[in-house]
Each structure stands twice: as structure tokens, then as C-alpha cells.
Amino acid sequence: MIELYTWGTPNGKKASIMLEEVGLPYNVHPIRIMEGDQFKPEYIKINPNSKIPAITDTEGPGGKPINIFESGAILIYLAEKTGKLLSRDPAARIEAIEWLMFQMGGVGPMFGQAHHFLRQVKEPNPYGAERYSKETRRLYGVMNARLGAVPYLATDYSIADIATYPWVSRFEWHQVDLAEFPNVKRWFDAISARPAVQRGMKVPS
């Protein structure tokens, strides 16, 4: 059984979508980040970085429980545990990891900064809004070019798509019209139609 500690953010939804896609049973433990649940001592024992998501696999390596934090690490772990959504072919595997790192190092932090400066600052900050909006649109352009050549980020549907999709699902927060990036829109619509993704996006309820 997987114990999932999460909240309704793009990073949190990566883990719930992955669990739905691979079909592992899991229990949901909401971590109310606006109320500071992530800083409670019992949660810090699971995730010393006080972020979501995190998981506990009660049947980890050797049959022993294991705690895992950082969404990218969770995706890789679950893919390797189940043999799904991360190819064992070396070339295909590194392609998926490349695009996973693209999300972890680019899409996540830059889209997150765009969210902050476009939606959350109490006083307008034109420099921050312009800087992160411009970089967000550049990243959409990178994805659009890639998805003009292949169906999914790593050619086949993989953990790279699962990592990226929840961030793109907030395209309106980025003040982006997906019609400007038709290949991203095609990809987004295809993933949105997956039943496992639809279920995962509703976690926590």
C-alpha cells in the first residue's frame, strides 16, 4: 500500500496521476499547506524538506517501508516498482528522464514564478511579471516544437508527460492561450482525456 501525502498543487497532482496510471492502491493524507501541515514534526520525518508530495511505500525494497520525497523521485520510483511509464531501453529511458528534468528544472520553477508574479503579489511587480511570463512562453515554445515532432515529450507517454501536464493545466494562470501553441494543445487534450489523469487530478477531494 502507498500512503500519499499531498495537496492540490501541480506537484501534488503528479503523484496522484502516476498512482492512478500504474494502478497501485493508495491512501490519501491531505497536507494543508496553507495551514502549515507540512511543518509538523510527524510530516518532517517523512519529508525533511517540508514540501508536498511525499509517499510511504509500506512494501518497499526488501519488503521494508520506505519514505520518498520530491515529485520527480516519486515518479521514477513508482515507474521502476511497476515497470510502467519509464522504458527499460537505455535510449528511451534517458529521453524520458531528460524531459522529466526539463519539467523539474524549467517548467515547474518558472511556471511557479509566473503564478506568483501574475496572481499572488500584493503589489504589482512589472519586472517579475515580465521576466517570468517571457520565460514561461519560451518554455511553451520548446514544448510546442518538440510535440510537433513526436506525440509525447519522450515519444511515448511517460513520467515526463505526467510531470508536465499538471503545470500546463494552469495555462490560464500563465495568461497563455493554448491555441498559440497548437502542438501543446493537441498533447494537452490527449492527456486530459485519459481516465487515470482525470481521477488523479481530483486528488485530494
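**A colleague's note on the predicted model**

1. The protein has 8 helices and 4 strands (DSSP runs, H or I of at least four residues for helices and E of at least two for strands, numbered from the N terminus). From the N terminus on, their order is β-α-β-α-β-β-α-α-α-α-α-α.

2. A word on the ground rules: this is a predicted model, where local features need pLDDT of at least 70 and side-chain atom pairs count only at pLDDT 80 or more, while totals for chains, interfaces and linings use all residues. Residues are numbered from 1 along each chain as its sequence is written, and side-chain values use heavy atoms, with hydrogens and water left out.

3. On overall dimensions, the C-alpha atoms fill a box of roughly 50 × 45 × 25 Å along the principal axes. Buried residues (under 20% relative accessible area, 1.4 Å probe, protein chains only) make up 49% of the 205 residues.

4. Now to Trp99, which sits in helix H4. Trp99 is buried, with a relative accessible area of 14%. Beyond its neighbours within four places in sequence, Trp99 is in contact (heavy atoms within 4.5 Å) with Val142, Arg146, Leu153, Ala154 and Ala160. Ser158 lies 59 residues from Trp99 in sequence, yet their C-alpha atoms are 9.6 Å apart in space.

5. Contacts also deserve a look across the chain: among those between residues at least 6 apart in sequence, 64% join residues at least 24 apart.

Notes
Buried means under 20% relative accessible area, exposed over 50%, partly exposed in between (1.4 Å probe, protein chains only).
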